[in-house]
Amino acid sequence: MRLFGKLIAIACAAMGGLSVTLPSRAEEPKQGGILRIYHRDTPPSASILEEATISTIVPFMGVFNNLVIYNQGVEQNSLQSIVPELATSWAWNADNTMLTLKLQPGVKWHDDKPFSAKDVVCTWDMLRGKSANPLRKNPREPWYQNVSDVTAIADDEVVFKLSRPQPSLLAMLAAGYSAIYPCHVSARDMRLHPIGTGPFKFVEFKSGESMKLTRNPDYWRKGKPYLDGIEYTIIPNRSTAILAFIAGKFDMTFPTEVTVPLLKDIASQAPQAICKTVPIGVSTNLIVNREVPPFNNADIRRAMALTIDRKQFIDILSEGKSDAGAAMLPPPEGVWGMPAEMLRTLPGYDPDVEKSRAEARKLMEKNGYGNSNRLKVKVSTRNIAQYRDAGVILIDHLKHIYIDGELDPVESANWDGKVARKDYSVGMNLTGTAVDDPDVAFYENYGCGSQRNYTQYCNRDLQAQFDKQSVETNFDARKKMVWDIDSKLQEDIARPIIFHGRSATCWQPYVKDFTLMVNSSYNGYRFENVWLNK
Amino acid sequence: MGAYLVRRLGLMLLTLFGISVIIFALLRLVPGNIVDILFDSAGMVDPKEKLKIMQDLGLDKSIPQQYLSWIGGLLRGDLGYSYVSEKPTLSEILPRLPITAKLAGMAIGFAVLIGVPLGVISAVRQNTWLDYALRVLSLSGLSMPSFWLGLLILMAFVATFGTLPIYTDPPKTLIDELLLLAVPAAAVGFRSSALIMRLTRSSMLEVLRQDFIRTARAKGASPAAVNFKHALRNAMLPVVTVIGIETAFLIGGLIVTETVFNIPGVARFLVEAIRWRDYPIVQNLVMFIAVVVVTVNFLVDMLYAVLDPRIKYSD
């Protein structure tokens with residue numbers, strides 16, 4: 001409780017210090033103007049709760065509010081950067097199994113109906129699969145497995161009951177994906193015409209064309225937002241989109257969509273643009289079907305991990321900008337990643353790649369493989385450049401240890417199904433993590449039975465350690481536990497992480513007070529502080 | 001003539017029926033369906049939720065049942081709902097049609113207005129520097145992919161004018177729209193103009209060697225009258241056929257051009273719909289395109305009789 005109290009104090013300090021954390025400015029924010037952003041594709045729907053893609057989060061996060069949110073002026077998401085939104089304050093009970101949140105009074109939905117604690121209950125009923133108004137897809141259900149009940153004890157007060165203490169609940173509540181939905185609007189309507197309490201009202205969503213939001217004049221945070229609206233024009237062709245940004249047709253690129261080579265184009269042709277290259281929270285990783293011979297043999301899996309030359313991947317695919325790391329995003333941007341010296345001790349992370357490959361060859365030889373008996377394998381991957389390119393490099397690395405790989409590009413629509421059916425031996429995959437938090441990363445990607453645990457890796461001992469770290473309230477103690485778990489995951493070749501990607505976002509210099517978050521690309525698009533100095 | 005028309009219309013209906021079966025079957029042969037893609041965007045697969053969506057969309061029914069349901073709806077004028085946007089198919093397709101129609105019309109107009117006169121000039125000035133220059137131009141048009149030409153045009157616009165002729169907001173007036181579509185129409189029409197130019201040239205060369213042209217010249221007709229009244233009219237039959245075929249093939253070029261110039265027309269929408277396996281959109285849009293192509297072919301056949309009085313459609 002003492003430590004939870006500390007967390008509350010820190011959160012309150014962050015709350016009070018909101019104006020302090022925002023970049024100091026000489027000018028006062030100006031009201032007005034439409035922020036124009038190009039969008040990379042047509043989002044599958046406007047329903048944030050049903051999707052797991054930045055394509056939905058970016059355009060529609062401004063329509064909603066959360067109970068709590070990562071401070072939109074702070075680059076690094078952490079428990080310390082969580083500030084109130086629809087909840088004015090929160091408190092844990094003595095045994096840290098009940099979180100009580102007081103709610104903002106006088107908040108209205110965009111259709112003028114009043115917001116109350118009942119809407120919070122409805123939202124978590126949907127998220128926990130207990131609603132009569134069910135979501136069509138529910139990718140975040142595993143986040144709330146520890147939430148046993150959500151109750152409205154008054155119109156302005158709600159209680160989350162947990163099966164066991166879980167400080168990371170707040171981290172998940174603060175994510176862009178944790179929007180509060182109204183009870184009175186169906187899940188179908190939320191996909192087509194979302195109603196929120198946020199700073200911007202939904203205007204229209206034209207598939208393949210555009211999405212438009214307009215300023216919510218009755219927003220409960222008086223004076224916000226500064227923008228009159230936001231317009232997203234869908235431009236799937238990346239070259240056209242970048243040229244349009246260079247020509248000044250847009251105020252901002254789609255977040256994290258500017259690759260390193262394209263960044264050079266922008267730097268030379270639009271030198272006034274402000275561009276930041278940050279980790280995007282997406283890791284490129286190797287998936288191995290542990291049930292198919294010979295990959296049910298730990299030696300073979302270890303040999304495959306040992307042959308990976310991470311530096312080469314990073315140099316080729318991102319001109320040296322991406323980061324080698326384990327399951328958790330590495331520091332300094334990542335809060336929970338292990339230090340570099342610890343990372344180097346893990347299989348396949350030694351900078352002396354030849355030494356690792358010699359060890360790998362011995363393991364392969366021990367199992368009967370060699371130059372005269374090479375292992376033939378199909379490297380399956382999604383038929384998209386990001387996946388395919390990494391797959392090709394992997395095939396080259398495998399050659400060094402008597403494995404001849406053949407690329408098996410899989411039509412994107414069939415990829416998840418193929419992996420879920422375990423219809424592959426070796427695969428190259430990309431995994432996005434919405435919140436830089438061990439509970440999200442471990443349970444989602446490595447937890448027994450999790451639907452996003454593509455390899456269905458399940459280690460009961462580690463699962464128990466996931467729970468143990470999840471309960472821990474002392475940050476330093478928990479961090480050590482996380483490093484230990486992460487090391488074991490890499491030792492066990494659960495899903496070898498090859499690198500954590502980085503890419504850039506650019507905006508025109510007159511776009512003010514936009515903060516690009518550095519350890520998640522899913523949480524920073526409320527846009528209520530952004531203004532245009534035109 | 002009447003019996004011929006009835007036979008042609010019967011053949012058109014048979015062709016459309018065949019196309020409906022082929023597009024329906026091909027779509028289902030493509031790996032994956034909308035439900036797979038919906039779960040792809042959620043990054044997970046929940047078998048229970050998947051089955052529920054399949055049932056909601058009628059994808060759990062047998063293939064013949066699905067086909068009959070679609071054709072039945074089509075005959076009643078009910079095109080169903082888009083799987084992705086969950087809006088009526090017609091309301092998704094209709095606003096996009098005029099954009100593509102204007103673009104296609106302008107592209108074909110550009111191709112004919114450039115291709116036919118230049119083809120005539122090239123033939124009349126055979127083996128001169130002008131003929132060589134026009135032949136090089138037509139070859140470049142045939143060999144340059146329209147997406148590459150489109151990108152070059154965009155880059156040239158940014159470098160020269162600091163702006164970009166792409167579709168970001170709906171144009172306010174028809175003039176604005178036509179100006180906006182002029183550049184992409186030229187980009188997509190360039191290839192067709194090259195083809196028409198080459199065909200007009202060769203067809204003209206053949207006609208210009210005919211006896212009746214010599215007769216026309218002998219009786220003192222002006223070169224313009226000989227070239228355009230006597231020769232061109234007789235040389236136009238194969239050109240009209242190619243214009244008809246090019247109109248049908250234009251959809252391929254429009255897909256690329258609409259993507260590069262970001263034009264929200266049906267061609268790009270069709271590709272998006274295929275990517276999403278949005279069956280109602282793809283099936284109905286392909287059927288619409290098929291109707292247009294079959295009708296254009298029919299009209300081209302009818303035009304033969306107008307252009308060449310020797311052609312008669314007998315019973």
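The report below goes from basis to domains, then sheets, then the chain contact.

## Basis

This is a predicted model: local features need pLDDT of at least 70, side-chain atom pairs count only at pLDDT 80 or more, and totals for chains, interfaces and linings use all residues. Residues are numbered from 1 along each chain as its sequence is written, while chains are lettered from A and ligands numbered from 1 in the order in which they are written.

## Two domains in chain A

Chain A splits into domain 1 (2-233 + 508-532) and domain 2 (279-502). These bounds come from an automatic or database domain assignment. The domain centres, taken over C-alpha atoms, are 32 Å apart. Domain 1 of chain A gives 22 residues to the contact, and domain 2 of chain A gives 21. Two residues are in contact if their C-beta atoms, placed from the backbone, lie within 7 Å.

On the domain 1 side, helix H1 (2-16) and helix H5 (169-173) of chain A are the elements that give two or more residues. Helices (H or I, at least four residues) and strands (E, at least two) are DSSP runs, numbered from the N terminus. That side of domain 1 holds 12 nonpolar, 9 polar and 1 charged residues. Here Ala, Val, Leu, Ile, Met, Phe, Trp, Tyr, Cys and Pro count as nonpolar, Asp, Glu, Lys and Arg as charged, and the others, Gly among them, as polar.

## Strand pairing in chain A

Two strands pair if DSSP finds at least two bridges between them. One open sheet has 4 strands in the order S1-S10-S9-S8 (chain A), with mixed pairing. Its edges are strand S1 (34-39) and strand S8 (200-206) of chain A, each pairing on one side only. S1(A) runs parallel to strand S10 (residues 229-234) of chain A, with 6 bridges. There A:His39 lies opposite A:Ile234.

Strand S7 (residues 157-162) of chain A has antiparallel partners. Strand S5 (residues 98-103) of chain A joins S7(A) over 5 bridges in the antiparallel sense, and A:Leu101 has A:Val158 as its bridge partner. Strand S6 (residues 147-154) of chain A is also antiparallel to S7(A), over 6 bridges. A:Val147 stands opposite A:Leu162. S6(A) and S7(A) make a hairpin with 2 residues between them.

Strand S14 (residues 426-432) of chain A meets strand S11 (residues 274-288) of chain A through 7 antiparallel bridges. In that pair, A:Val282 faces A:Gly432. S14(A) also pairs with strand S12 (residues 375-382) of chain A, in the parallel sense over 3 bridges. A:Thr381 is opposite A:Met428 there.

## Where chain B touches chain A

How many residues of chain B are in contact with chain A? The contact takes 36 residues of chain B and 37 residues of chain A. Helices of chain B that each supply at least two residues include helix H2 (34-42), helix H11 (223-260) and helix H12 (266-276). H2(B) gives the largest share, 7 residues. By class, the chain B side has 18 nonpolar, 9 polar and 9 charged residues.

## Helix H12 of chain B

The buried residues of H12(B) include B:Val266, B:Phe269, B:Leu270 and B:Trp276. B:Arg268 is buried too. A residue is buried if 20 or more other C-beta atoms, placed from the backbone, lie within 10 Å of its own. Among the packing partners of these buried residues are H2, H11 and helix H13 (279-307) of chain B. B:Arg277 follows H12(B) and has a positive phi, near 55 degrees.

Terms used
A residue is buried if 20 or more other C-beta atoms lie within 10 Å of its own, exposed if 12 or fewer, and partly exposed in between; C-beta atoms are placed from the backbone.
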